[in-house]
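Morning, everyone. I have one structure to show you today. Let me put it on the screen.

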Amino acid sequence: MKIQWYPGHMTKALREMEQNVKLVDIIIYVLDARAPKSCQNPQFVEIIGDKPVVYVLNKADLADEEKTKFWQKFFSKQNSKAIPLVSTMTNASKVIKDAMLTLLASKIKKNEEKGITMPLRAMVIGVPNCGKSTLINNLCGKYKAVTGDKPSVTRNTQWVKIAGNIELLDTPGTLWPSFDDDEVAHNLAYINAIREDILDVSELSLDFINKMLESYPEKFLDRYGLVFQPNKQAVEYLEEICENRKFLIRGGECDWERGAKAILDDFRKGRLGAITLDNIEDEES
Ligand SMILES: Nc1nc2c(ncn2[C@@H]2O[C@H](COP(=O)(O)OP(=O)(O)O)[C@@H](O)[C@H]2O)c(=O)[nH]1
Ligand SMILES: [Mg+2]
């Protein structure tokens with residue numbers, strides 16, 4: 001399945017980000033820890049330029065811990081620091097602020113020497129639904145940014161002040177005009193960064209089943225009480241799940257879409273267990 005989703009408001013958002021980046025000292029780049037590599041928007045490279053970056057591996061509660069450790073190392077470079085985080089739970093303020101202060105240490109020192117007390121400004125960027133607004137709310141300790149469990153809840157860029165003389169800019173989640181890599185597009189769809197009503201959910205779930213059989217067969221089979229058979233097709237597994245769950249329509253035929261949605265929802269809510277979709281091996285080779 002070829003996936004494409006680049007609505008007009010994303011182009012507008014990107015232009016605003018290009019403007020606003022001039023005002024900030026640092027970037028907070030929120031990545032979904034389940035697919036940190038797939039969450040990297042190629043259009044952000046130019047926007048970020050040589051600004052320091054705090055990579056937040058968010059939704060770490062849903063991701064494979066071992067793989068998160070790898071991705072943390074991968075994203076921590078000279079001018080960047082990666083932090084696994086659960087924005088909905090942990091008090092994020094301290095770790096994120098510490099990372100910002102470390103990366104901006106020389107700038108802060110220079111300002112102090114000149115007697116300047118400027119607020120530190122950060123722009124929060126990431127694909128839709130990765131948790132940008134949740135992270136900002138966590139950093140504020142109050143509900144200031146609107147959140148929601150679907151892509152594109154935040155439509156406008158907005159500044160938010162937090163303690164420690166820091167100002168954050170929330171931005172709408174943006175994707176890019178064309179996904180070169182089908183696997184990246186699929187991963188983004190699985191983590192709900194792409195609007196579901198433009199997708200063929202049944203087909204998506206079959207691709208997802210194949211991915212699970214390859215990467216996390218036990219977690220997948222255990223969840224649905226299924227047995228692995230070498231030549232069994234994804235559609236047969238979906239059929240069994242529909243039958244077991246009584247997802248049937250008149251005449252006893254499978255309600256494929258309902259089964260498909262249930263599987264994707266199970267993954268998204270962490271009911272299949274901790275799973276990371278981006279493979280480490282691809283990077284190590
Ligand atoms: N399990 C889990 N869910 C999260 C986490 N952070 C955010 N979410 C959920 O992800 C959904 C999208 O969050 P939101 O902040 O609106 O994402 P945004 O589109 O990037 O601003 C919401 O339902 C949040 O509750 C996290 O660390 N763990
Ligand atoms: Mg948002």
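This is a predicted model: local features need pLDDT of at least 70, side-chain atom pairs count only at pLDDT 80 or more; totals for chains, interfaces and linings use all residues.

Start with two strands. Strand 4, residues 120-125, pairs with strand 6, residues 166-170. The sense is parallel, and the pairing runs over five bridges. What holds such a pairing together? Strands of a sheet pair through backbone hydrogen bonds, and they can do so parallel or antiparallel.

How many strands does it have, and in what order? It is an open sheet of six strands, ordered 3-2-1-4-6-5. The pairing across it is mixed. Which strands sit at the edges? Those are strand 3, at 80-85, and strand 5, at 158-162. Each of these two pairs on one side only. From one strand to the next, the twist averages 25°.

Next, a helix. Helix 6 covers residues 132-140. Which strands does helix 6 lie across? The list is strand 1 (26-32), strand 2 (53-58), strand 4, strand 5 and strand 6. Relative to strand 6, helix 6 runs at about 160°.

Last, the whole chain. It is divided into domain 1, residues 8-170, and domain 2, residues 200-284. Their C-alpha centres lie 32 Å apart. The two domains do touch: the contact takes 15 residues from domain 1 and eight residues from domain 2. What kinds of residues does domain 1 bring? On the side that touches domain 2, seven are nonpolar, two polar and six charged.

That's my tour. Over to you.

Terms used
Residues are numbered from 1 along each chain as its sequence is written. Chains are lettered from A and ligands numbered from 1 in the order in which they are written. Two strands pair if DSSP finds at least two bridges between them. Helices (H or I, at least four residues) and strands (E, at least two) are DSSP runs, numbered from the N terminus. Axes are lines fitted to C-alpha atoms, for helices over the stretch in contact, and angles run from 0 to 180 degrees between N-to-C directions. Two residues are in contact if their C-beta atoms, placed from the backbone, lie within 7 Å. Domain bounds come from an automatic or database domain assignment. Ala, Val, Leu, Ile, Met, Phe, Trp, Tyr, Cys and Pro count as nonpolar, Asp, Glu, Lys and Arg as charged, and the others, Gly among them, as polar.
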